[in-house]
Amino acid sequence: MENKLGHFQCRGCGSQIQEIAPQQPGYLEHRNLINLISKQQPILCKRCFKLIHYKEVTPLTIQVNDFEKIISRIPSGVTIIAVTDIFDLSQDFFNWLKKFPDKNNFIIVINKIEDLPRDYKISAIQNWVRKTAKANKINLQYIVPVSAKTKYNIDLLYQILDQEVKKNKIYFVGNANVGKSSLINALIKSQNQNITEPAISALPGTTLNLLTFQNGDQTWVDTPGLVLKNQSLSFLKLSDWKLILPNRRIRPVTYQLDAGQSIFVGGFGWLDYLDGPKASFTFYFNEQVRLHRKKTNHDNQEFFVKHFGEILIPPKERSVDPCKIDIATKIENFSYKTDLVFSGLGWISITKGKKICLNFNKELTINRRDSLI
Ligand SMILES: Nc1nc2c(ncn2[C@@H]2O[C@H](COP(=O)(O)OP(=O)(O)OP(=O)(O)O)[C@@H](O)[C@H]2O)c(=O)[nH]1
Ligand SMILES: [Mg+2]
């Protein structure tokens, strides 16, 4: 069947509307499209309609995000709002900023700031970003900590965009799930403007194409997030994601460990403390991610398989056969205070002089960053 609907765009995810393949982005039955047009309602594909009205996520069968392609569609001379969050900040963030042709036009927005643990100061995070940007030869116009959820600094960001930014095209870019669509939604709503909400969900990979919003003379463009190669954890259901995504102030948990002890981080895997004096290891995760201490032993793999989805949560249930989970093993040394960032989920803070072995699900993206404080 010929696709006659290609010139319509879904207002939720930005996909081209099509009536051919229900499992592909932008699917909408012909009669529903006609119905929406006749009622002059915003056009939403079936997936976004379910997401926006019933909070129901339909997984897609294909991986749509190709960040390099998206970047290539962003012209130079525009303003880039580089969105990140405290669970995403690492050298990697700056590595992809360096891929933009124009390195002088960035406004960095650090979202989800309301989840920052009490022992962290917002100014420390800003300093960290400033220092790391400088080391990477990236010029920043502003660093704005915000919360799309609590609306913290949303008015300030709006003012910057409205009064300071001279460009009339503004692109919101960043990794999947950092809250780009939520941010645009919060900014527009802060001005009491009525818009068709962009699609927002707990699963990475919600926005699928460039999606524009008009704000006076300015055009704001929502973009699909970079879904890190290994970010979609196949053993987690949507209900698990909702449970473990940071959604309130993180309460750190500190363990005093002797060499020869291990900590399991839910069903993600475990770390072994191999060598060093008695020391503290601090875990910054949603409290629904269960931590478990154990002696480092050759039976750790067996323990993982036996208790996956039971003591080791998430997942809430044994969604996959744990024997089939690929565990990557890596030895790391820490010569200064470092955070191990589990992209989108949380981090472990490790003081210097430690040797540890990481045994984690291969699908996880784990980055090192100099400690935020
Ligand atoms: N705690 C907290 N969660 C937030 C905040 N902003 C967004 N979220 C949540 O983060 C998740 C992702 O939000 P989206 O707006 O869909 O993120 P995105 O960057 O557009 O994601 P993609 O379209 O997949 O690239 C959702 O579960 C949001 O509810 C915030 O300020 N604080
Ligand atoms: Mg989005």
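Helices (H or I, at least four residues) and strands (E, at least two) are DSSP runs, numbered from the N terminus. What you have open is a predicted model, where local features need pLDDT of at least 70, side-chain atom pairs count only at pLDDT 80 or more, and totals for chains, interfaces and linings use all residues. Residues are numbered from 1 along each chain as its sequence is written, while chains are lettered from A and ligands numbered from 1 in the order in which they are written.

**Stop one: ligand 1.** Select helix 7, residues 180-190: with 3 residues, this helix gives the most to the shell around ligand 1. Now bring up the whole shell of 26 residues (C-beta atom, placed from the backbone, within 6 Å). Gly 179, Ser 181, Ser 182, Thr 207 and Gly 225 are the closest. Colour the shell by class and you get 9 nonpolar, 12 polar and 5 charged residues. Here Ala, Val, Leu, Ile, Met, Phe, Trp, Tyr, Cys and Pro count as nonpolar, Asp, Glu, Lys and Arg as charged, and the others, Gly among them, as polar.

Hop over to an open sheet of 5 strands, ordered 7-10-14-13-16 with antiparallel pairing (two strands pair if DSSP finds at least two bridges between them). Strands 7 and 16 (366-370) sit at the edges with a single partner strand each, so one side of each has no neighbour in the sheet.

**Stop three: across the strands.** Select residues 253-257 and 279-284: strands 7 and 10, joined by 5 bridges. Leu 257 faces Ala 279 there.
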